[in-house]
Amino acid sequence: MQSFEDNDALNQLDSAAFKFKHKLLGHPSLSLENLANVLPELPEGRVEYSKGLLNINDDFETTFRDQRKKFSLEDTIENIRTSNSYIMVNHPDVHPSFAPIKRQLIEDVEKIMHRLGVGKEAIDPRLFLFIASPNSITPFHIDRYSNFLMQFRGSKHVSVFPQWDERAVTAAHHEAYMAYANTKLPFNDEIDALGTKFEFKPGEAIHIPFLAGHHVRNGSDDVSISMAIFFNTEQNNAWRKALRFNGVARKALNKVGLKPAPIGRQAWRDKAKAMGWDAYNKVRSIQTRNQNIFSIGLSMMASF
Ligand SMILES: O=C(O)CCC(=O)C(=O)O
Ligand SMILES: [Fe+2]
């Protein structure tokens, strides 16, 4: 592999969090100097930043929505050593200096996927950059992708939570996240105790499984630069649809005191629900009139 050091741990893709080594340390695209040149050239909306340290139980997605445009990017990069700032770049690979590194990462991801039989191609792969002041916090959140996070500069503490453990993130919260309805997750010390804690240094990478909760605290010694490759697999897409299916069913089942059976336990059931979601959407687009009847049928199926 060109970007990752191969290791048996990689076979735990989307079933457990693990740490391994990447080979991209020292890549010129990731130097703070190059980032300071490239970031201002990216199209608007790719670079999101916030000033002031975040709290571990902040709503990560709305924090960025709220803070957008309040601060100048140039000033933020210039002062990041001391300014308690946080920059997230969504899709820096639209800039030519990131295209080769992205291609190389996708090749490795696809080798792992192929080995595990979870699809041939990485679906919707995209890079993310996280550049943050010492002591910055990335609040507890989940992402709608599988993820390999790589560290380039500074140190971090990364906590990752078991993805289907309802004590960490409830099924209803997963469903709301998938529907972009509510991205605020409850968090407290009891939940925190469920996480696997990783000390993260330059040259290391961590796999964060699809939908696994996580939070990050930067070390106090230096600015932190990390890059992630986010991607989906056919299995993730089936889970995504099955969760949307359960989300619709949950509302109807609640009325009669029932709950949909959980996702992530039985592959056949998840697949059936994913197909149910496709069928639901087809009917919904043709005829909203029969939607209620269809919802009742769907809810009955969801409880099995
Ligand atoms: O490193 C960080 O600050 C955030 C990482 C993260 O949330 C991710 O890679 O999904
Ligand atoms: Fe994340």
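# A tour from N246 to the iron site

Start by selecting N246 and A261: the N246 side chain reaches the backbone oxygen of A261 at 2.9 Å. A polar contact here is a pair of N or O atoms within 3.5 Å; within protein, one must be able to donate a hydrogen and the other to accept it, and residues adjacent in sequence count only if both atoms are side-chain atoms. N246 sits in helix α7 (residues 234-255). Helices (H or I, at least four residues) and strands (E, at least two) are DSSP runs, numbered from the N terminus. N246 counts as buried because its relative accessibility is 2%. Buried means under 20% relative accessible area, exposed over 50%, partly exposed in between (1.4 Å probe, protein chains only).

Some ground rules before moving on. This is a predicted model, in which local features need pLDDT of at least 70, side-chain atom pairs count only at pLDDT 80 or more, and totals for chains, interfaces and linings use all residues. Residues are numbered from 1 along each chain as its sequence is written, chains are lettered from A and ligands numbered from 1 in the order in which they are written, and side-chain values use heavy atoms, with hydrogens and water left out.

**The iron ion**

Select ligand 2, the iron ion. Its protein donors are H141 (NE2), D143 (OD) and H214 (NE2), lying 2.1 Å from the iron. Along the chain, these donors follow the spacing H-x1-D-x70-H. H141 belongs to strand β5 (residues 137-141) and H214 to strand β10 (residues 214-218), so the pair, 73 residues apart, links distant parts of the chain. H141 and H214 are both buried. Donors are N, O and S atoms within 2.8 Å of the metal (3.2 Å for Na, K and Ca); water is not among the atoms, so sites may look incomplete.

**Ligand 1**

Zoom in on the oxygen atoms of ligand 1. A polar side-chain atom of T138 is 2.6 Å from one oxygen atom of the ligand. For N147, a polar side-chain atom lies 2.8 Å from a ligand oxygen. D143 has a side-chain N or O atom 2.8 Å from an oxygen of ligand 1. The protein covers 99% of the 290 Å² of accessible area that ligand 1 has on its own (Shrake-Rupley method, 1.4 Å probe; for residues, only the protein chains shown count as cover).

**Strand β9**

Go to β9 (residues 204-208). Five of its five residues are buried, so the strand is largely enclosed by the rest of the structure. E204, I206 and I208 point one way; A205 and H207 point the other. Strand β1 (residues 18-21) pairs with β9 in the antiparallel sense over four bridges. Pairing requires at least two DSSP bridges between the strands. Strand β6 (residues 146-153) also pairs with β9 in the antiparallel sense, over four bridges. Pick A205: F20 stands opposite it, and A205 is also the bridge partner of M150.

**Last stop: helix α5**

Select α5 (residues 171-178). Seven of its eight residues are buried, so this helix is largely enclosed by the rest of the structure. Among them are H173, H174 and Y177. Finish at Y180, which follows α5 and has a positive phi, near 55°.
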